[in-house]
Amino acid sequence: MATIEIPKELLPLDGRFGAGPSKVRSEALDALLAAAPTYLGTSHRQATVKDVVARVRAGLAKLFSIPDGYEVVLGNGGSTAFWDIATFCLIEKKSQHLSFGEFSSKFAQSAQMAPFLEDPIVFTSESGTHPEAVAMAEIDSYGLTHNETSTGVMTKIARPRYDGGRPCEGIVLVDATSAAGGIRVDIEETDVYYFAPQKCFGSDGGLWIAIMSPKALARAAAIGASGRYIPPFLDLNIAIENSRLDQTYNTPALVTLMLLAEQVEWFNANGGLEWSASRSDASAKILYDWASQSAVADPFVREPAQRSTVVGTIDFIEGIDAAAIAKVLRANGIVDTEPYRKLGRNQLRISMFPGIDSSDVQRLTECIDYVIENLS
Ligand SMILES: *Cc1c(COP(=O)(O)O)cnc(C)c1O
């Protein structure tokens, strides 16, 4: 197969469409570079670094309009570490999980394997859809996912409620790794809204951040005092103590922190979550309108309200090889449009995080059309 060269004038200005790590804005890198001589390579126990942690915590509190008593907690290990932290420090006895893709299944597995917990209740649904949580008296923790990055399904976050509207007693833990900052949320409907900086926040990986309610903080304290064995690295109470001092338990990646602070402040300076989510909305409208009108493509997620506005999954008809398209795009500098491996579909997956310009999503659709014309 001869390589197809996409005309320069069609190419997006930035070719990064991966679902994480995702596009890092050059303005954030410029700020990092400017700060570097007195920031990088300095102690994370001193004011220079603690000030950046403080910027992150205050900036996120503002971005999510956190209610009184909620706290921004952070530590090392990314969202994957947080599943084990939640298993050790937040689930009392029995949890319920909605499992509808690679990421949402993992927290359920952690809870399943923990010898000190009862078997969790796990609701699943066909890929490209999501199940609903069910309020139950015996459940002390609910594991929801705001956006399932592997399939491009987003959900509406709300406390599970009994018939009649009374909210569940258990705490509500939301994996918002790919949603936070790009999809609107009412934090009051959650007890732990956790994420990592390498998706909507256009930073690097390695950190987890959790916005915790007073109820969740109390739960962590109670389990910490219960005598349960908790590995120190996964001890949420140690992370809470350190976060209150604008520190982390062990050494964080200073680059990650600075890029995160820059992105959060960029969102806040322009109007906050409403503004950043609107940027993703605009990109999503372009992508799904294009796919819906295309003779060879279709949004994978059938239900329009469940189509993610931050990670779009687009199926192609038989005879159009999505893997070949992704390969040509990559050769032309447009990277990471491959679908989630284990989903095994003839599909492209395109991120539309707030840092990505809608005009670049528009150009990407034109590039895909160009490649399809020239492949056949
Ligand atoms: C990317 C992602 C994760 C994993 O995040 P890490 O920081 O790599 O551990 C977890 N959940 C969701 C929904 C994700 O998109």
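**Cavities.** I take a cavity to be a set of points, on a 1 Å grid over the protein atoms alone, where a 1.4 Å probe fits but cannot get out; lining residues have an atom within 4 Å of a point. Grid points are joined across faces, edges and corners, and a volume is the space filled by probe spheres set on the points. The model is predicted, so I note that local features need pLDDT of at least 70 and side-chain atom pairs count only at pLDDT 80 or more, while totals for chains, interfaces and linings use all residues. Residues are numbered from 1 along each chain as its sequence is written, and side-chain values use heavy atoms, with hydrogens and water left out.

My search of the whole structure gave 3 cavities of 30 Å³ or more. The second largest cavity has about 50 Å³. Among the residues lining the second largest cavity I found Trp83, His97, Phe103, Asp175 and Tyr194. Strand E2 (95–99), helix H4 (102–113) and strand E4 (141–145) each give at least two residues to that lining; helices (H or I, at least four residues) and strands (E, at least two) are DSSP runs, numbered from the N terminus.

The largest cavity holds about 100 Å³. I count 13 residues lining the largest cavity, with Gly75, Asn76, Phe233, Ala239 and Tyr249 nearest its centre. Strand E1 (71–76) and helix H6 (236–244) are the elements giving two or more residues to this lining, and E1 has the largest share, 3 residues.

**Helix H8.** How far apart should the ends of H8 be? With 21 residues (273–293) at 1.5 Å a residue, H8 should span 30 Å, and its end C-alpha atoms are 30 Å apart, which agrees. The expected span is 1.5 Å times one less than the number of residues. I listed the buried residues of H8, including Leu273, Ala277, Leu287, Tyr288 and Trp290. The face turned away carries the exposed Lys285 and Gln293. Here buried means under 20% relative accessible area, exposed over 50%, and partly exposed in between (1.4 Å probe, protein chains only).

**Proline 120.** Proline 120 sits in the loop between H4 and strand E3 (121–124). Is proline 120 buried or exposed? Proline 120 is buried, at a relative accessible area of 11%. Beyond its neighbours within four places in sequence, proline 120 is in contact (heavy atoms within 4.5 Å) with Ser95, His97, Ala108, Ala111 and Gln112.

Conventions. On a 1 Å grid over the protein atoms alone, a cavity is a set of points where a 1.4 Å probe fits but cannot get out, and a pocket is an open set with protein on both sides within 12 Å along at least five of seven lines; lining residues have an atom within 4 Å of a point.
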